Amino acid sequence: MELWFSENHTENARMSIKVSRHLYGAQSEFQRIDIFDSPEFGRFLVLDGVMMMTEKDEFAYHEMMVHVPMAINPGIQSVLIIGAGDGGVVRELARYPGITRMDMVEIDPQVVTVCKEYLPQTAGALDDSRLTIYYQDGLKFIRKAQDAYDLIIVDSTDPFGPGEGLFTKEFYGNCYNGLRENGICVNQLGSPYYANDAAAMARAYGKLKGAFPIASAYQAHIPTYPSGHWLFGFGSKTLASATDDIDDWNTLGIKTHYYNTRLHRGAFALPNYVTEMLNNA
Amino acid sequence: MNIKLQQRAPIMEALENMKDKRIVPFDVPGHKRGKGSPELTAFLGEKAMSLDVNSMKSLDFLGHPVSVIKEAEEIAADAFGAAQAFLMVSGTTSSVIAMIMSACKAGDKILLTRNVHKSVLTGLILSGAIPCYIDPGLQPDLGISMGMKLQDIEQAMDANPDAVAILLNNPTYYGICSNLPAVVKMAHARNMLVLVDEAHGTHFSFGRGLPISAMAAGADMAAVSMHKSGGSLTQSSFLLLGVKPNAAYVRQIINLIQTTSASYLLMSSLDISRKNLALNGVEIFETVGKMAAYAREEINQIGGFYAFGAEIINGDSIYDFDATKLSVNTLKTGLAGREVYDILRDEYDIQIEMGDIGNFLAYVSVGDRMKDIERLCSALSEIYRLHRRNPQGMLDYEYIHPIVSCSPQEAFYAEKQLVSLENSVSRVSVELVMCYPPGIPIIAPGEQVTKSAIDYIRYAKAKGCTLTGTQNEAVEQLYVLL
């Protein structure tokens, strides 16, 4: 008997991964949580039937969300992470000794518990002493923060479901208000390729662009996400997305699997059709 | 309330039986259970279309109910603690009109506050009753009308001992309640009927710890917007009677103004939502109250905005407050309530119930989710951060004392002349002018137009309020008596 996990990327296209074991499955207060093991991608986390991350390719996603802003402003000390219950963003951030405070706001405590148990490779840094986890609505938390963070990383799920409040104009306005003078906000925008994803991507980018004076987007290649082509939003109060100074990052000696400063510059060079979508967003 | 009785929904049951029998329709509606209007059926859904049927023996007839509608009305009366309940399908507007026409004949006096819904004026025009207004007074910090002061009511009753009825707006749009039991006592001692526009208070009959409902207070008639806090379909409503009015006569009045092709979608929605409130109302309105209380607390931390609550109760003109209402004063943000209403919709994709000069109302119901409440609070914090202005120059409220020159009916049908707004001052208006929402007339037929009313209209226009009511679409010209 063969067991396959399939996710519809559109009505007419789907991706399937052969599953060796279903390790966990439960309905939390907020969503359906599943963990599978697979020969091709190792263990992977699925929320409400949508692939969140696999052990094999999560490095690309998490490294790009963290090292891009960290290279732009190595002085970052205080970081707010919204979502990211799997711990991947925290793992990458924890590698910077200059970071003194990480606040993570995750709506669903069950995601954190499950990831700690089944995905230790990704969730391993969730016990870092600099980290405080707040289990509440991200929109509520950020509304109360003012001038408090150097970096906000928004690792949200879909625009529909528990994370939908994170795709709103008020959320990005609150993020701007929660950042210090040189603050940076990075969010995951999704894929620009399939029509429905592209429309959601453009909406989310439009909200970021509306809130920050400097806004751009950068890309990464993540095989298990729809179309494999993934975008991140970069919003900033004062700092540009890539300058000569980012090369200083190399002196930190942080060993990465995906990120490097040459790629950092290149990641902001987007295909023409994507640039057009972003300009119109 | 008889809980066993409340578990029934006779109209829903009758519709289900009708479907089981697979009756062949050679009657209206001509779409024949949706098959004749495929696009409409695809849009609204087959199920809804198959229930859009006409009166027939097994489904009863709203104009003269003898079976399932009669039962549904009896069960509704039991739920609301009324002697009689009527299912209404032309909005609470029709319930209000029916109350006034049942209580007043042409030339009869009726006591009321001026801050009533437009439908009350319609009732006055149709019945020919003469309004005697009682000044509701304004809450000075908020600029909103309060309830009626007992002393003012007594004065008005003494001055108009021949008045046949008093009409109260309870609760107001913003949730303010008058001392209903005391008003009922005073009115009944003078042989006056008590009519209550309870459009915004359906839940009073079902929740705990809420202000007293009209029927519980002993009122004679109440118009209840089941489609507001009660969960039925838009346009469906209840008219409730106490023991005193003649129910058969009220039915005749209703039949003067209501359709003979009453929608079974609307009627079954009344039936099913009444059942839901009777069985689950306590929990439902506890949840709504908690959400509204949470939102008030959060909004009051933003700065500028004031989401008011029970603290405004003063024992008389604000005798009680409906804590399920999320009413927010905007004056200290330098923004009109209407401006906040517009920004929320245009920039944040949030539609609220209404905004006027100094306040807005966000309608909270059992259908809301906490994350949507968070969105509203966050959007308001952003509006405060990005749009707040110096609050100086915000309109200072003044109650516009109406000068009634003749009955609204007389004015409406009189010989008239069209003049510009500015030239209408001191003339007697034939038309009604109001902002919608909230739909409370600024000028009513039969009233002398004042300079302050015109100033108010100009200010409301400048703040983006939608003014309606006149034949002149732009509300720049007004018909006045010759």
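How many Å separate the centres of domain 1 of chain A and domain 2 of chain A, taken over C-alpha atoms? The distance is 23 Å. Before going further, please keep in mind that this model is predicted.

The domain assignment puts domain 1 of chain A at residues 3-52 and domain 2 of chain A at residues 58-280. Where the two touch, 17 residues come from domain 1 of chain A and 17 residues from domain 2 of chain A. On the domain 1 side of that contact, at least two residues are supplied by each of β3 (21-27), β4 (32-38), β5 (42-47) and β6 (50-54) of chain A. By residue class, the domain 1 side that touches domain 2 of chain A has 11 nonpolar residues, four polar ones and two charged ones.

Now the chain as a whole. Chain A has nine helices and 13 strands.

Two figures on packing to finish. Of the 281 residues in chain A, 48% count as buried. Then take the contacts in chain A between residues at least 6 apart in sequence: 65% of them join residues at least 24 apart.

That is what I have on this one.

Conventions
Residues are numbered from 1 along each chain as its sequence is written. Chains are lettered from A and ligands numbered from 1 in the order in which they are written. This is a predicted model: local features need pLDDT of at least 70, side-chain atom pairs count only at pLDDT 80 or more; totals for chains, interfaces and linings use all residues. Helices (H or I, at least four residues) and strands (E, at least two) are DSSP runs, numbered from the N terminus. A residue is buried if 20 or more other C-beta atoms lie within 10 Å of its own, exposed if 12 or fewer, and partly exposed in between; C-beta atoms are placed from the backbone. Two residues are in contact if their C-beta atoms, placed from the backbone, lie within 7 Å. Domain bounds come from an automatic or database domain assignment. Ala, Val, Leu, Ile, Met, Phe, Trp, Tyr, Cys and Pro count as nonpolar, Asp, Glu, Lys and Arg as charged, and the others, Gly among them, as polar.
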